[in-house]
Amino acid sequence: MRNLAIFLFSLLPAVAMADTLRMAVTTSFHNSGLSDILLPAVEEDTGITVQLLVVGTGQALRLGRAGDVDAVLVHARAAEEAFVGTGHATHRREIMYNDFVLIGPAEDPADIAGAESAADALRRIATSGAVFVSRGDESGTHQKELELWFAAGLAPDGFGPAYRSVGAGMGATLNTASGMNAYLLADRASWLNFGNKGDLALLYAGDPALFNQYAYLPVNPARHPHVPADLTERLENWLAGPRAKTLIDGYMLNGEPLFTHNARN
Amino acid sequence: MQAAWLILTLDAELIEITLRSLQVTVTAVVISAAIGLPLGAWLAVNRFAFRRHVIAVLNALMGLPPVVVGLIVYVMLSRSGPFGVFGLLFTPTAMIIAQIIIVTPLIASIAHQVIRDLWSEYHDLLISLNTTKTQRIKTLLWDGRRALLTACLAGFGRGIGEVGAIMIVGGNIDNVTRVLTTAIALETGKGNFALALGLGFVLIGLAIAVNVLIHNLSRTERSSQW
């Protein structure tokens with residue numbers, strides 16, 4: 001029994017909480033592999049160990065509201081501005097962008113490859129009656145999708161069984177779509193990194209409406225006194241700074257750049 | 001292939017995740033056994049009002065849905081919850097707390113059934129020796145130790161393969177709260193089925209190894225003792 005206690009004790013991680021910051025980020029940021037490049041550099045330059053919670057934008061903001069994370073890096077402008085407006089974050093700092101893409105079966109039964117705009121592509125999917133898989137989890141991608149349906153003058157509530165809301169993360173949604181050979185909206189980074197593409201292919205991209213801006217929001221220390229404001233500020237300055245710019249702009253996957261740094265100083 | 005390579009080269013990260021899985025579940029099972037075994041024995045030797053109802057509830061709690069336990073622990077430990085000041089959410093401690101809640105009813109319930117059978121056998125002897133209640137419970141726990149060990153192993157099995165609760169309260173943070181089951185969920189999400197499957201085999205291997213180790217240590221199934 002005593003040996004067991006010693007064994008368990010020796011397993012306890014060395015708790016060095018000195019300069020640790022907890023940040024909620026979206027699945028797309030993490031799945032892209034960019035976080036694996038940025039976090040070691042953050043630690044090197046600022047001495048901050050960033051612990052990542054990988055969740056959808058909706059949940060990331062809720063974690064920030066409850067004070068369970070010190071900062072969030074998300075991509076849903078309207079929700080972010082509401083978050084700052086209610087005083088949960090002190091401000092919003094734009095860091096980088098990439099774009100959303102429409103994925104679907106390679107044979108493209110709804111012919112969205114020839115669409116004039118993202119809204120037109122969605123309209124074609126709706127009229128063809130093809131299956132569309134939705135995140136359905138209030139993530140940034142889900143909010144963008146709803147915005148696009150609205151722009152197309154359609155309400156997904158009335159689509160019936162062809163519209164499948166799975167309430168899951170980007171990866172699980174891609175797996176579902178791959179299994180059903182369905183259409184879906186994804187961010188480019190997650191798509192490029194996804195290992196189970198099956199018959200799916202990237203069919204439509206390039207509409208300015210598919211622009212995907214990521215922003216950094218430090219949780220307001222006035223509401224949550226345990227938030228280390230000096231650390232969240234140091235991290236923000238680093239993310240907006242020159243080293244982050246070089247790393248983000250230079251990050252390639254299969255020869256394609258994924259993100260563009262656009263923080264203003 | 002990739003998974004086999006990780007195992008063969010004893011990949012540092014894989015070992016860390018595996019050890020954390022063990023740390024969380026073994027700690028939870030040890031604490032659960034410390035609560036559940038005496039509780040089960042106490043329920044077996046005592047007669048009180050609503051005893052049957054308490055036992056029925058305990059049996060029902062064996063099927064406690066981990067995701068609900070995770071949610072409750074999450075709400076309690078969140079910064080905006082009653083125990084928020086301790087800052088325990090998204091730490092291994094939170095994962096251990098959730099697993100204790102999941103595993104304790106299982107151990108207590110099996111312990112109760114084992115001790116009840118043993119008690120009917122020992123009843124007259126222990127009463128005639130004029131033993132105290134504590135002595136009776138100690139005797140029954142000691143003499144039923146092999147079956148009780150199985151109860152603990154069942155608890156270990158439920159804990160080590162559990163993902164619903166620890167994903168919610170641990171958050172699957174790399175290097176802090178990532179364990180085998182949450183890593184499998186993550187790799188599945190990325191579509192890396194081969195790696196996810198490989199991790200799954202590591203998990204199954206771990207469960208088998210722990211069971212074999214415990215059985216060898218407790219010398220069950222040995223010549224004169226089975």
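This is a short walk through a predicted model of a complex, from the chains down to a few single residues.

For the complex, the predictor gives an ipTM of 0.76 and a pTM of 0.84. Chain B has an average pLDDT of 90, and 95% of its residues score at least 70.

Turning to chain A, we find 11 helices and 12 strands, and the C-alpha atoms fill a box of roughly 65 × 55 × 35 Å along the principal axes. Chain A has a radius of gyration of 20 Å, which agrees with the value near 18 Å that a compact globule of 265 residues would have. Of those 265 residues, 46% count as buried. If we take the contacts in chain A between residues at least 6 apart in sequence, 75% of them join residues at least 24 apart.

Chain A is divided into two domains, where domain 1 is made of residues 20-97 together with 212-261, and domain 2 runs over 99-210. The C-alpha centres of these two domains of chain A lie 26 Å apart, and where the domains meet, 18 residues of domain 1 are in contact with 17 residues of domain 2. On the domain 1 side, the elements that give two or more residues are helix H2 (27-31) and helix H4 (57-66) of chain A, with the largest share, 3 residues, coming from H2(A). That side of domain 1 divides into 5 nonpolar, 12 polar and 1 charged residues.

I would like to stay with helix H4 of chain A for a moment. Why can we call H4(A) largely enclosed by the rest of the structure? The reason is that 7 of its 10 residues are buried, so the rest of the structure largely encloses H4(A). Among those buried residues are Ala60(A), Leu61(A) and Leu63(A), and also Arg62(A) and Arg65(A). The buried residues of H4(A) pack against several elements of chain A, including strand E1 (20-26), strand E2 (49-55), strand E3 (71-74) and helix H7 (140-151). After the helix comes Gly67(A), which has a positive phi, near 85°.

Strand E1 of chain A, one of those packing partners, is also largely enclosed by the rest of the structure, because 6 of its 7 residues are buried. E1(A) pairs with E2(A) in the parallel sense over 7 bridges, and there Val25(A) has Val54(A) in E2(A) as its bridge partner. E1(A) also pairs with E3(A), again in the parallel sense, over 3 bridges, with Met23(A) bridged to Ala71(A) in E3(A).

An antiparallel pairing can be found between strand E4 (residues 93-105) and E7 of chain A, over 4 bridges, and here Leu102(A) stands opposite Leu185(A) in E7(A). Strand E7 covers residues 184-187, with Leu184(A) and Ala186(A) pointing one way and Leu185(A) and Asp187(A) the other, and all of these residues are buried.

Finally, let us look at where the two chains meet. How many residues does each chain bring to the contact? Chain B brings 21 residues and chain A brings 23. On the side of chain B that touches chain A, helix H2 (residues 12-45) of chain B gives the most, with 5 residues, and that side as a whole divides into 8 nonpolar, 10 polar and 3 charged residues.

Terms used. Residues numbered from 1 in each chain as written. Chains lettered and ligands numbered in written order. Predicted model: local features only at pLDDT ≥ 70, side-chain atom pairs only at ≥ 80, totals over all residues. Contact = placed C-beta atoms within 7 Å. Nonpolar A, V, L, I, M, F, W, Y, C, P; charged D, E, K, R; others polar. Domains from an automatic or database assignment. Buried ≥ 20, exposed ≤ 12 C-beta atoms within 10 Å, placed from the backbone. Pairing = 2+ DSSP bridges. Rg over C-alpha atoms; globule rule 2.2 N^0.38 Å. pLDDT = per-residue confidence, 0-100.
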